Amino acid sequence: MEPPGTAGAPGAAGRPWEEAKAFYDNLAPKKKPKSPKPENAITIAVSSRALFRMEEEQKIYNEQGVEAYVKYQLDHENEPFLPGAAFPFVKALEAVNTQLRELYPDSEELFDIVLMTNNHAQVGVRLINSINHYDLFIERFCMTGGNSPICYLKAYHTNLYLSSDAEKVSGAIEEGIAAATIFSPSKDLEVSENQLRVAFDGDAVLFSDESEQIVKAHGLDMFFEHEKAHENKPLAQGPLKGFLEALGKLQKKFYSKGLRMECPIRTYLVTARSAASSGARALKTLRSWGLETDEALFLAGAPKGPLLKKIRPHIFFDDQMFHVEGAKEMGTVAAHVPYGIAQKHKRPAQEKQTPNSK
């Protein structure tokens, strides 16, 4: 096979050298982009069981122990795991990065995905093979061999931690790290491959649980009065306010290029609040922070699942398991944020430590 512009190639005479160069460039292995420095990036830490489905492996560990588990992983290390709940979200993050690199080739303001697992290192080959199989750009791994991931999350300046282990998520929240327990939906729902869509509940997710405390202690009527009286007083921030802020920062990079309508990031506020009686305070709080969501949906207590099915977000964050379950039933990947008064007396029971329990 001869490149264009060389002897023997049809019409070689007069072919420019650029065409021959392009020919050779296409033959060369594609070089993956360089990972950004953690301090410059928006770091998303994802556990192995959030990214991939590992139910069979978990069952072996629980029933047969760690040695049988490790042996199974080694025997099957050339078989890729199936995609898990966080997989479409991670693919969407990478799609945004692709567009950011085209617009800002030298910028490190990108999503940086870190795989967090308390697996032992000898199990890592199967995870690496799975990541390469799906052509994911995940260069940073933390295989902690059973130790807590909290110190590593802090070292990586983590903006969001997704795990299937409720205990580890609660530990991260207590340390001030935005985190959520992610759940697979009951059925598959097709999501966008080109636009990252993230939906947030308001109270105890973006905002503090101040207003929910009023509801629990005094009922809805007192809550409505309280919100009217404090409409111009911003709510305190909740655990995921920083993640919305990070998304907004990247959105503005597209806006500055005149791409507001074509922005590959879209955010949603999906709240049980009523617009007329308590919606203004939520919107004014976001405004006071210099933040916004692309859409704000006030449901006045109606179920969130049907609306989320129309939005088709890659992930939906809520502090109430009732809403998480409703979203799952309608096909939405939902994540529980264990923060605020709704979690009082509902802390998950201590579970047996597993090498892939995150």
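Which residues touch the most other members of the largest nonpolar core? In this predicted model, local features need pLDDT of at least 70 and side-chain atom pairs count only at pLDDT 80 or more, while totals for chains, interfaces and linings use all residues. Residues are numbered from 1 along each chain as its sequence is written, and side-chain values use heavy atoms, without hydrogens and water.

The residues in question are F52, F89, L196, F200 and F317, in a core of 77 residues. A nonpolar core is a set of buried Ala, Val, Leu, Ile, Met, Phe, Trp, Tyr and Cys residues joined through side-chain atoms within 4.5 Å. Buried means under 20% relative accessible area (1.4 Å probe, protein chains only). Domain 1 (34-182) and domain 2 (196-339) both contribute residues, so the core lies between them; the bounds come from an automatic or database domain assignment. Another core, of 11 residues, lies apart from it and includes Y268, L297, L299 and F316.

F200 has contacts (heavy atoms within 4.5 Å) beyond four places in sequence with residues including L240, F243, L244 and L247.

Helix α11 spans residues 241-255; helices are DSSP runs (H or I, at least four residues), numbered from the N terminus. Of its 15 residues, 11 are buried. Among them are F243, L244 and L247.

The structure holds two cavities of 30 Å³ or more. A cavity is a set of points on a 1 Å grid over the protein atoms alone where a 1.4 Å probe fits but cannot get out.

Note on methods:
Buried < 20%, exposed > 50% of the residue type's maximum accessible area, 1.4 Å probe, protein only. Helix = DSSP H or I, 4+ residues; strand = E, 2+ residues; numbered from the N terminus. Expected span 1.5 Å × (residues − 1). 1 Å grid on protein atoms, 1.4 Å probe; cavity = no way out; pocket = protein on both sides within 12 Å on 5 of 7 lines; lining within 4 Å. Points joined across faces, edges and corners; volume = space filled by probe spheres on them.
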